[in-house]
Amino acid sequence: MRLDAAAIGRGCRNRDIRMFRHLCGTELEHFRNAARAEGPLTVACTQQAALFTEEAGERTDGIEFVNVRETAGWSREGAAAGPKMAALLAASAVPAPDYRFVTLTSNGVILIYGCDEAAIEAGTLLADHLDVTVMLKAPGDITPPATTTFPIVKGTIRNARGHLGAFELTVDDYAPPRPSSRDRFVFETSRDGATSRCDLVLDLSGGAPLFPAHDLRDGYLRADPGDPAALLRAVLKARDLVGSFDKPKYVNFTDALCAHSRSNITGCHRCLDLCPTGAITPAGDHVSVNAEVCAGCGQCAAACPTGAAAYTLPPADTQLHQLRAMLLAYHDAGGTRPLLLFHDSQHGGPLIDALARHGDGLPANVLPFAANEVTQLGLEAVVAAFAHGAAAVRFLLRTKPRHDLTGLSRTITMAQAILAGLGFAGRRVATIETDDPDALDEQLRAVEPLATVSQPATFRTVGKRRDLLRFALSELHRVAPSPTDVIALPQGAPLGAITVNTDGCTLCLSCVSVCPTGALRDDPERPVLKFVEDACVQCGLCQSTCPEKVITLKPQIDFRASRAQAQLIKEEEPALCIRCGKPFGIKSTITRIAAKLEGRHWMYPAGDKRLEALWMCADCRVITMSEQQFDPFAGVPERAPPRTTDDYLRQRDNKS
């Protein structure tokens with residue numbers, strides 16, 4: 001492949017850039033010398049990473065390996081790929097912080113769930129390696145093995161939960177076989193509600209999976225019993241699942257930021273709706289994320305409006321730093337109209353490699369950006385990409401996704417609405433759903449050439465997703481072709497305002513008490529309701545809590561909101577205590593209450609001095625009642641005596 005050192009130098013400024021023809025062979029000494037020097041070192045080769053790591057000797061960190069061959073150089077347009085190489089190298093230089101792990105431990109106790117001899121055969125293959133139990137669902141005429149080397153029972157799994165090392169199954173129609181079974185299994189009397197605990201589940205039943213997004217459930221293996229090759233692969237994989245296994249803790253969760261619920265009233269439930277594995281469950285005012293079950297799709301973090309759920313692989317701000325470095329280096333190196341291709345390593349990586357080795361390779365303006373999961377990318381990443389000069393964004397997906405992509409679809413819809421509102425014409429954000437490298441090539445080359453911002457933004461910010469999104473939006477608005485102040489967004493957007501029917505609002509301020517972000521505010525000195533749009537996350541708690549049902553969510557983005565003062569929604573004259581003059585409530589509310597009670601309630605006869613207590617603050621009301629020796633029970637209408645337990649027992653006995 002051709003290397004354009006000049007373009008790389010323009011994109012990767014203040015770097016010592018050296019080119020070689022055979023660095024892993026005759027020129028290896030140059031690498032050894034570079035490895036002995038201080039400072040970070042980037043090697044634009046991943047094929048020989050193991051060799052270079054070995055030759056680095058005692059140096060164990062500070063060396064990055066970047067693939068510029070399959071992603072850039074091996075292409076029909078490889079001669080023009082210098083700016084892309086600079087972009088890839090610049091992005092790799094952004095360090096990612098470490099992340100935590102959770103440990104799953106398996107002792108090799110496996111339940112094989114099937115319907116016929118295939119399950120027993122799988123048990124025979126695994127019996128020397130694992131602690132096997134075979135459970136047959138509605139077994140037919142199956143001949144018992146001559147020698148019992150592992151338990152064989154019957155049962156139907158009603159429900160399943162857990163993960164590698166900690167599965168718990170509820171089984172109906174459970175029964176062990178009779179030892180006297182001769183030509184076919186004869187089972188004892190069955191029972192429902194049995195519990196089975198195991199470390200692994202091998203499902204050969206051929207029925208519906210036991211778990212949602214079953215491909216993402218660690219320790220749950222599934223194969224078609226009629227496919228010998230698939231069955232063998234599952235058996236071999238199960239055999240190796242013994243011991244302790246570390247998996248990333250994909251999501252850090254901050255309870256205090258969660259806007260799920262207040263006082264048993266549900267507000268935001270975006271993450272609950274999107275989690276494909278059921279790892280997220282309600283836990284009082286917030287939700288709980290089961291790190292052992294979480295498969296790392298990242299949709300919860302991408303959709304979380306407050307930043308309570310934060311993805312760690314890598315954090316959102318690190319990802320934005322990498323995007324910034326990539327796009328700015330590409331621009332500085334002379335690249336034009338970059339098409340950003342978000343992909344994962346498991347699916348997108350091999351597809352790009354195959355296209356480079358057997359096809360025309362990626363076009364020179366296509367910048368591949370690898371993520372752990374493309375669904376982890378939120379609105380802030382797309383907005384920042386366009387602010388930094390991207391012409392278009394494509395998400396590379398499988399033809400048959402492993403889990404629901406509703407969260408990503410919402411992100412794309414919101415991004416497209418914002419971009420269109422700011423004057424970015426054309427289909428700027430979309431998906432490419434294919435497992436075929438030739439189809440990938442065809443769809444990439446079919447993307448129409450679109451204009452970018454005239455002067456890309458250079459901002460670099462840190463923080464949680466909410467802060468990143470705010471800043472990225474303000475920068476995009478600044479450099480957009482046709483800046484617009486207000487853009488309507490689809491339902492479910494994490495940005496917006498509220499509308500309040502002030503005629504029905506009683507200023508009870510219930511909405512203020514439940515607002516998790518302080519978007520709704522009051523004033524301790526007077527009856528006031530204020531709203532700060534920049535703080536609103538559209539969680540819906542105010543709408544759900546309002547007793548008068550006068551609040552409606554209004555998803556939108558107002559680019560002036562970050563600079564605007566709190567909006568006055570409603571203000572009324574306070575009720576002043578007639579004894580001390582202190583404001584203690586709302587005058588119109590006290591007037592309505594007094595009008596309803598005077599002469600209509602036994603405690604407040606018309607013209608009685610007791611009515612004055614309604615116009616006093618709590619302290620003065622107590623003092624006045626004490627001075628007047630006010631008896632709250634005087635004049636109580638006679639009523640039937642209260643019913644006691646004896647009355648109820650006597651009534652029951654009479655009926656019997």
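Arg-76 is exposed, with a relative accessible area of 54%, where exposed means over 50%, buried under 20% and partly exposed in between (1.4 Å probe, protein chains only). The model is predicted, so local features need pLDDT of at least 70 and side-chain atom pairs count only at pLDDT 80 or more, while totals for chains, interfaces and linings use all residues. Residues are numbered from 1 along each chain as its sequence is written, and side-chain values use heavy atoms, with hydrogens and water left out.

The side chain of Arg-76 meets that of Asp-360 in a salt bridge, at 3.3 Å from N to O. A salt bridge here is a side-chain nitrogen of Lys or Arg within 4 Å of a carboxyl oxygen of Asp or Glu. Asp-360 sits in the loop between helix 11 (348-358) and strand 19 (366-371), and Arg-76 in the loop between helix 4 (69-73) and helix 5 (82-92), so the pair ties together parts that are 284 residues apart in sequence. Helices (H or I, at least four residues) and strands (E, at least two) are DSSP runs, numbered from the N terminus. Asp-360 counts as partly exposed because its relative accessibility is 30%.

A search of the whole structure finds 31 salt bridges. One of them joins Arg-402 to Glu-373, with the closest N and O atoms 3.4 Å apart. Arg-402 is in the loop between strand 20 (392-397) and helix 13 (406-421), and Glu-373 in the loop between strand 19 and helix 12, so this pair ties together parts that are 29 residues apart in sequence. Arg-402 is partly exposed at 27%, whereas Glu-373 counts as buried at 11% relative accessibility. Asp-558 and Arg-560 also form a salt bridge, at 3.0 Å from N to O; Asp-558 is buried at 16% and Arg-560 partly exposed at 40%. Glu-29, Arg-32, Arg-36 and Glu-55 are linked in a network of salt bridges.

Seven strands form an open sheet in the order 8-7-6-5-4-9-10, with mixed pairing. Two strands pair if DSSP finds at least two bridges between them. Strand 8 (194-198) and strand 10 (220-222) are the edge strands, each pairing on one side only. From one strand to the next the twist averages 30°. Strand 9 (residues 200-204) pairs with strand 10 in the parallel sense over three bridges, and Val-201 stands opposite Tyr-220 in strand 10.

Two helices lie across this part of the model. Helix 7 (residues 228-239) lies across strand 4, strand 9 and strand 10, at about 175° to strand 9. Axes are lines fitted to C-alpha atoms, for helices over the stretch in contact (heavy atoms within 4.5 Å), and angles run from 0 to 180 degrees between N-to-C directions.

Elsewhere, strand 15 (residues 280-283) and strand 16 (residues 286-289) run antiparallel and are joined by four bridges. They form a hairpin with two residues between them, and Gly-284 in the turn has a positive phi of about 80°. Ala-283 stands opposite His-286 in strand 16.

Glu-380 lies in helix 12 (residues 379-387) and counts as buried at 3% relative accessibility. Leaving aside neighbours within four places in sequence, Glu-380 is in contact with Ala-316, Leu-320, Arg-465, Leu-468, Leu-469 and Ala-472.
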